[in-house]
Amino acid sequence: MQDLLIIGGGINGVGIARDAAGRGMNVALVEKGDLASQTSSWSTKLIHGGIRYLENYEFRLVRESLREREVIKFIAPQITKPIRFVMPHVSHLRPSWLIRLGLLLYDWLGGFITLPKSRFVNLKKDYKDNPIKSDLRDGYEYSDLQIDDARLVLLNAQDAIQRGAKIYTNTSVINAERYETHWKVTLSNSEIIECKTLVNASGPFVLDVLKNICKVDTNKSLRLVQGSHIVVKKLYEGDQAYILQLPDRRIIFLIPYQNKYTLIGTTDKEVSSYLNPQITNEEKKYLIDSANTFLKSSITAEDIVWTYAGIRPLLNDQNSNASKVTRDYEFDLNTSKAPIISIFGGKLTTYRKLAEHALQKLSEVMFIPNKTWTDKEKLPGSKKVQEKYFENFSQSLQKRIFDNYGDQVVTLNDYYMKLQNGGRQITEDLYEFEVAYLVEKEMVNNADDILFRRTKLGIDFPKNKLDLLNQVISKYN
């Protein structure tokens, strides 16, 4: 019998699986699609303290986020990158003293930090290529972390598996029967799992899972808020990102992305359904118009090379403004029979602490080994390796492989050698050996799993190569 059965393979689900498995518990996790295929892979790709949450007086959330930023930088160095955010000063929106106070708090709240602190900047003099209009001369700069969100999910899942957890992808929970001492859960692959406790970490689906599958009531509710992004060709040289203050009191980001693009987002659009999130024309216009308020060279809809949208399942705090709804989290623990804990809210940055708190909450009703450890043990792939592999490839391909896989390139190289110089070439940037590795070691099931979650090659992947990619995937599935 499993101690925990977790429903949901997003960042919260795999974070709890990793933590519990590392404490010696028997853990299984079920995900109806691919890992991170919902909210967790459609983020702004940041681990950040949430500087704008200071205006909502959410000091505890900002403090926890800043501390977790340091932890994630330590445990996942291969997929994180320090990034400096530049905030052009718009004096009629926020006075200089308020921004300085906010940045002082941001630098101080998290305690000891390894990232550079904030500073005043001159937009003309301090940046070789400044895309911001010349009438905006002054600004402020602060630090956060850029991250590969989907790989953060994957690495937590891999670590959980290495510590004994069972993870099922592309598998649904069909039925959950509740008894006094345990749950009996039927999966879409006809397997039946018995567990002491259910963990409902299904994100936007949390209420459906709770009420329709588990037949459990709750007085908590969600706000479904769609966050959409657009990607355009690179707008400027330089590693700095920009945080732009808008007249509606919101902010958007301009962030360097994948070396060739600029990521612009996000929106906060309240929606009634979590099914098939798609960016709307209204959201595209909002992001374009907002960016053009600041950019020297305007962009249009024709400049967009890719868009994505995800649903953030936010804890309903009754705030009338969707952009001000809290990004904090709460738990709903039902113990009328065998326990079930449901997670409401949360964000990528605080997933590890959320997992600790969830297990702490469960310790009220079951034995949980009192061992907090996930901030001290690095995730798979985090060791440094000499860049002696794949020397026959282009520098851009080598960089992508090392940035993506860290020390897992050692195993990747075994696949390369086994297939005699990598096997079939699918595109200039993708070979058979990497696909074989992804299918056999990273739970890949289809082309989208590879192109938009494991490698991020999907933006300009040639459509006429999809059939070949699918052939190679089926060879190893």
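1. Let me start with a helix pair. The axes of helix 1 (residues 11-22) and helix 4 (residues 149-162) come within 8 Å and cross at roughly 25°. Axes here are lines fitted to C-alpha atoms, for helices over the stretch in contact, with angles running from 0 to 180 degrees between N-to-C directions. Helices (H or I, at least four residues) and strands (E, at least two) are DSSP runs, numbered from the N terminus. The two helices, helix 1 and helix 4, are therefore roughly parallel to each other; angles under 35 degrees count as roughly parallel, over 145 as roughly antiparallel, 65 to 115 as roughly perpendicular and the rest as oblique.

2. Before going on, a word on the model. It is a predicted one, in which local features need pLDDT of at least 70 and side-chain atom pairs count only at pLDDT 80 or more, while totals for chains, interfaces and linings use all residues. Residues are numbered from 1 along each chain as its sequence is written, and side-chain values use heavy atoms, with hydrogens and water left out.

3. Back to the first pair. The crossing of helix 1 and helix 4 is left-handed, a term used if the near helix is turned anticlockwise from the far one by less than a right angle (right-handed if clockwise). On the helix 1 side the contact is made by Ile11, Val14, Gly15, Ala17, Arg18 and Ala21, and on the helix 4 side by Leu152, Val153, Asn156, Ala157, Asp159 and Ala160. Contact means heavy atoms within 4.5 Å. These residues divide into eight nonpolar, two polar and two charged. For the classes, Ala, Val, Leu, Ile, Met, Phe, Trp, Tyr, Cys and Pro count as nonpolar, Asp, Glu, Lys and Arg as charged, and the others, Gly among them, as polar.

4. Now the overall picture. The protein chain has 12 helices and 20 strands. Its radius of gyration is 23 Å, close to the 23 Å that the globule rule gives for 477 residues, so the chain is as compact as a globular protein of that length. That radius is taken over C-alpha atoms, and the globule rule is 2.2 Å times the number of residues to the power 0.38. Along the principal axes, the C-alpha atoms fill a box of roughly 65 × 60 × 40 Å. Of the 477 residues, 60% count as buried; buried means under 20% relative accessible area, exposed over 50%, and partly exposed in between (1.4 Å probe, protein chains only). Among contacts between residues at least 6 apart in sequence, 71% join residues at least 24 apart.

5. Ala447, Ile450 and Leu451 in helix 11 meet Leu466, Leu469, Asn470 and Ile473 in helix 12. By class, this contact has six nonpolar, one polar and no charged residues.

6. Helix 10 (residues 432-441) is mostly covered, with eight of its 10 residues buried. Those eight are Glu432, Phe433, Glu434, Val435, Ala436, Tyr437, Leu438 and Val439. They pack against helix 8, helix 9 (409-418), strand 19 (425-427), strand 20 (430-431), helix 11 and helix 12. One partner of Glu434 is Arg400, which also contacts Asp429, Leu430, Thr455 and Leu457, leaving aside neighbours within four places in sequence. Arg400 sits in helix 8 (residues 395-405) and counts as buried at 15% relative accessibility.

7. Most residues other than glycine have a negative phi, and most peptide bonds are trans. Met443, in the loop between helix 10 and helix 11, has a positive phi near 60° and counts as buried at 19% relative accessibility. Asn170, in the loop between strand 7 (166-168) and strand 8 (173-178), has a positive phi near 50° and is partly exposed at 36%. The peptide bond from Gly265 to Thr266 is cis, with omega near 10°.

8. Finally, a loop residue. Lys337 lies between strand 17 (329-334) and strand 18 (340-345) and is partly exposed at 38% relative accessibility. Not counting residues up to four places away in sequence, Lys337 touches Arg178, Tyr179 and Glu180.
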